[in-house]
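Please keep the structure open while reading.

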Amino acid sequence: MVKKNTCVFISGKGSNLNKIILNSRSYVFPINIKLIISNKKDAGGLKIAKKFSIPYMVVNKKTRYPEKKILNELKKRKISLLLLAGYMRILSKRFIKSFGNTILNIHPSLLPKFKGLDTFKRVLNSKEKKTGCTVHFVNEKLDNGKIVLKKSFYINDKDNIDSIKKKTQTLEYRAFSEAIIKIIK
Ligand code: GRF
């Protein structure tokens, strides 16, 4: 199997990244993680990059022309799939256009409900019976691209922000990998 060279964008602890790296080690999983990009120099996910000896790049506010630098790096490494796994920075329309339908994002709600930030708090304060996560293609509008798949669970009376977060993220680990397989096959 020819695996797709992939770059994962992160800003936080990188638990999704960790799961995808582990899955990518299987010979039947269709991607290889060739680069990790973080907009935070202290993102926990960078420790995971180091642990697995995967090249990484930090693009913070001080980086000049970050998207140009990113594009060069992606080209150099022949990367054809981008995964946004908790990346908290907006990519420019130009950047998104240049990558077409090859950027996936994971969002911790059942889109189109609860786009944007502070998702768990808004879900808990709502009257929704179910919540979950969504993997979707990225387009120029926030959390708005074509949906690849969703996974859901029922909210119960005892749930709080932490429990909803935990349940959602547990589903995310399966959802992201399944979505990758789905779009490549
Ligand atoms: C995930 O909950 C994802 O849905 C959101 O950011 C979180 C990233 O967590 N966009 P991690 O860095 O993968 O642990």
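A residue counts as near a molecule if one of its heavy atoms lies within 4 Å of it. The model is predicted. On that cut-off, the residues around the ligand are Gly12, Lys13, Gly14, Ser15, Asn16, Gly86, Ile106, His107, Pro108, Gln169 and Glu172.

**Ligand site**

- The side chain of Glu172 has an N or O atom 2.4 Å from an oxygen atom of the ligand.
- Gly14 places a backbone N or O atom 2.8 Å from a ligand oxygen atom.
- For Lys13, a backbone N or O atom is 3.4 Å from an oxygen atom of the ligand.
- On its own the ligand has 370 Å² of accessible area, and the protein covers 87% of it.

**Helix H3**

- Helix H3 spans residues 66–76, and its buried residues are Ile70, Glu73 and Leu74.
- Viewed down the axis of H3, these buried residues fall within an arc of 100°, so they line one face of the helix.
- Exposed residues Lys68, Lys75 and Lys76 sit on the face of H3 turned away from the buried side.
- The cover over the buried residues of H3 includes strands S1 (4–10), S2 (31–38), S3 (56–58) and S4 (81–84), together with helix H4 (93–99).
- After H3 comes Lys78, which has a positive phi, near 50°.

**Aromatic pairs**

- The count of aromatic pairs is 2.
- Phe9 and Tyr87 make an edge-to-face pair, with 5.1 Å from centre to centre and 70° between the planes.
- This pair links distant parts of the chain, since Phe9 belongs to strand S1 and Tyr87 to the loop between S4 and H4, 78 residues apart.
- Phe9 and Tyr87 are both buried.
- Phe95 and Phe99 make a stacked pair, with 5.7 Å from centre to centre and 25° between the planes.
- Helix H4 holds both Phe95 and Phe99, which are 4 residues apart, about one turn of the helix.
- Phe95 and Phe99 are both buried.

**Asn39**

- Asn39 lies in the loop between S2 and helix H2 (45–51).
- The relative accessible area of Asn39 is 12%, so Asn39 is buried, the cut-off being under 20%.
- The side chain of Asn39 makes a polar contact of 2.7 Å with the side chain of Ser11.
- Apart from neighbours within four places in sequence, Asn39 is in contact with Ile10, Ser11, Val59, Asn60, Tyr87, Met88 and Arg89.
- Tyr87, one of these contacts of Asn39, is also the partner of Phe9 in the edge-to-face pair.

**Asn5**

- Asn5 belongs to strand S1, one of the elements that cover the buried residues of H3.
- Asn5 has a relative accessibility of 19% and therefore counts as buried, again because the cut-off is under 20%.
- The side chain of Asn5 reaches the backbone oxygen of Arg77 at 3.2 Å.
- A polar atom of the Asn5 side chain also lies 3.2 Å from the backbone oxygen of Lys78, the residue with positive phi that follows H3.
- Setting aside neighbours within four places in sequence, Asn5 is in contact with Asn32, Lys34, Arg77, Lys78, Ile79, Ser80 and Leu81.
- Asn5 and Val135 are 130 residues apart along the chain, and 19 Å separates their C-alpha atoms.

Notes. Residues are numbered from 1 along each chain as its sequence is written. This is a predicted model: local features need pLDDT of at least 70, side-chain atom pairs count only at pLDDT 80 or more; totals for chains, interfaces and linings use all residues. Side-chain values use heavy atoms; hydrogens and water are left out. Buried means under 20% relative accessible area, exposed over 50%, partly exposed in between (1.4 Å probe, protein chains only). Helices (H or I, at least four residues) and strands (E, at least two) are DSSP runs, numbered from the N terminus. The arc is that of the directions from the helix axis to the C-beta atoms. Contact means heavy atoms within 4.5 Å. Rings of Phe, Tyr and Trp (its six-membered ring) pair if their centres lie within 6.5 Å; planes under 30 degrees apart count as stacked, over 60 as edge-to-face and the rest as tilted. A polar contact is a pair of N or O atoms within 3.5 Å; within protein, one must be able to donate a hydrogen and the other to accept it, and residues adjacent in sequence count only if both atoms are side-chain atoms. Accessible areas come from the Shrake-Rupley method with a 1.4 Å probe; for residues, only the protein chains shown count as cover.
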